[in-house]
Amino acid sequence: MLFDDTYRTIENPAEGAFRDRGSKFLGYAFPVVGESAVKEIIANLKTEHPKANHHCWAMRLTPDRSVFKLNDDGEPSGTAGRPILNTLLSRDITNVLVVVVRYFGGTLLGVPGLINAYKQTAEDVLNNAVIVEKTVNDIYNITFNYLQMNEVMRIIKEFELEILLQNFDNDCAIQLAIRKMQVNAVLVRLNKVENSKISYSHSS
């Protein structure tokens, strides 16, 4: 939906597993908000599983289905990262990184076998994850005079806004998470607060 500002993701990291003809596939899912976490997570898993043959992964970011990255890590093209990604897409889950660590069991699985193994591992790890719905938020910084505190807090309470950071002195500063669908209405109200300054920070 064009105006839908919610998305489904996982609450905490989760694990899963799958076996086929001696090969062992270990699945790991992590909630992520950007690409910066990926390298560290993959590095940690490679340290944890130094004898594994492959560390394949796929990641989705934002509710936009075209924002993703994947890596077959030496498996035949399209047999590992893509099935993991397709599982995330079919479950409509985003802001998630799923890594599948493979220990080769000595028997080649073939392309259909690999696709199935990586898909089943991703399915298992997501079955073990707690799925939550979150809102797409814009983060704004608001500065205002202490005398306007009650007026600002009344707006925050009325719209049930989340305060991320706050600093109350003679000049007050608050960082707010505002749900996408509420942004215009909230900004209209905040702009009416005397001597207030509003600046956009980022989306989350």
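## Aromatic pairs

The structure holds three aromatic pairs, where rings of Phe, Tyr and Trp (its six-membered ring) pair if their centres lie within 6.5 Å, with planes under 30 degrees apart counted as stacked, over 60 as edge-to-face and the rest as tilted. This is a predicted model, in which local features need pLDDT of at least 70 and side-chain atom pairs count only at pLDDT 80 or more, while totals for chains, interfaces and linings use all residues. Residues are numbered from 1 along each chain as its sequence is written, and side-chain values use heavy atoms, with hydrogens and water left out.

F18 is partly exposed, with a relative accessible area of 22%, whereas F25 is buried at 0%; buried means under 20% relative accessible area, exposed over 50%, and partly exposed in between (1.4 Å probe, protein chains only). Together with Y118, F18 and F25 form one aromatic cluster.

## Y140 and Y200

Y140 and Y200 form an edge-to-face pair, with 5.4 Å from centre to centre and 70° between the planes. Because Y140 lies in strand β8 (residues 137-145) and Y200 in strand β11 (residues 197-203), the pair ties together parts that are 60 residues apart in sequence; strands (E, at least two residues) are DSSP runs, numbered from the N terminus. Y140 counts as buried at 10% relative accessibility, while Y200, at 46%, counts as partly exposed.

## A charge over a ring

K24 lies over the face of Y103, at 5.1 Å from the ring centre; a charge sits over a ring if NZ of Lys or CZ of Arg is within 6 Å of the ring centre and within 35 degrees of the ring normal.

Technical notes
Helix = DSSP H or I, 4+ residues; strand = E, 2+ residues; numbered from the N terminus.
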